[in-house]
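This briefing is intended to be read alongside the sequence and the structure shown below. The points that follow are grouped by topic.

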Amino acid sequence: MLGRVRTSWQTWRTGATRSEDKSLRAAAPRGGEQRRHNLFEAAAVYVAARAEGDQDRAEEAAAWVDPGALAFGVDELARRAVIALARERDAAPRDVARSLLGLPAA
């Protein structure tokens with residue numbers, strides 16, 4: 001009974017349709033134990049899956065957290081990656097970001 005109330009609440013809160021709700025339930029762990037994913041974990045899995053061309057895994061990771069939280073996590077991952085590469089290359093983060101995107105030096 002409590003599971004149904006929780007599912008109904010999540011559906012109402014997120015605005016998920018019935019088909020989306022079913023996919024969310026299918027992704028949830030069985031046995032009453034629900035694993036909560038960290039937004040940074042979701043962002044890391046999402047970005048890695050996109051880099052590897054694994055659309056199914058990217059969609060799965062995107063469903064773990066709110067879209068706004070995922071965007072924040074991806075932004076934070078990008079920021080940290082650019083800083084790490086800039087340190088490694090002994091270059092300015094601006095130059096590294098532009099080179100990663102294939103843009104000419106500013």
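A salt bridge is counted where a side-chain nitrogen of Lys or Arg lies within 4 Å of a carboxyl oxygen of Asp or Glu. The model described here is predicted, and it holds four salt bridges.

**Salt bridges**

- E60 pairs with R57, and their closest N and O atoms are 3.2 Å apart.
- E60 and R57 are three residues apart in helix α4 (residues 55-62), so about one helical turn separates them.
- E60 is partly exposed at 35% relative accessibility, and R57 is partly exposed at 31%.
- E76 forms a salt bridge with R80, in which the closest N and O atoms are 3.0 Å apart.
- Both E76 and R80 belong to helix α5, where they are four residues apart, about one turn of the helix.
- E76 is buried, because its relative accessible area is 12% and the cut-off for a buried residue is under 20%.
- A network of salt bridges links E76, R79 and R80.

**Nonpolar core**

- The largest nonpolar core consists of seven residues: A42, A43, V45, A61, W64, V65 and L70.
- Helix α3 (residues 39-52) gives the most to this core, with three residues.
- Beyond its neighbours within four places in sequence, A42 is in contact with A61, W64, V65 and L70.
- In soluble globular proteins, nonpolar side chains tend to be buried together.

**Surroundings of H37**

- H37 is located in the loop between α2 (18-27) and α3 and is partly exposed, with a relative accessible area of 24%.
- When residues up to four places away in sequence are not counted, H37 touches W64 and V65.
- The C-alpha atoms of H37 and W64 are 6.2 Å apart, although 27 residues separate the two in sequence.
- A polar contact of 3.5 Å joins the side chain of H37 to the side chain of E41.

**Backbone at D90**

- D90 lies in the loop between α5 (67-89) and α6 and is exposed, at 73% relative accessibility.
- The phi of D90 is near 55°, a positive value in a residue other than glycine.
- Most residues other than glycine have a negative phi.

**Nonpolar surface**

- L100, L101 and L103 make a nonpolar surface patch of about 310 Å².
- L101 is placed in the segment after α6 (93-100) and is exposed, with a relative accessible area of 66%.

Key:
Residues numbered from 1 in each chain as written. Predicted model: local features only at pLDDT ≥ 70, side-chain atom pairs only at ≥ 80, totals over all residues. Heavy atoms only, no water. Patch = residues over 30% accessible without salt bridge, like charges linked within 9 Å, V, L, I, M, F, W, Y side chains within 5 Å. Areas by Shrake-Rupley, 256 points an atom, 1.4 Å probe, with all protein chains shown as cover. Helix = DSSP H or I, 4+ residues; strand = E, 2+ residues; numbered from the N terminus. Buried < 20%, exposed > 50% of the residue type's maximum accessible area, 1.4 Å probe, protein only. Core = buried A, V, L, I, M, F, W, Y, C linked by side-chain atoms within 4.5 Å. Contact = heavy atoms within 4.5 Å. Polar contact = N/O pair within 3.5 Å; in protein donor to acceptor, adjacent residues only side chain to side chain.
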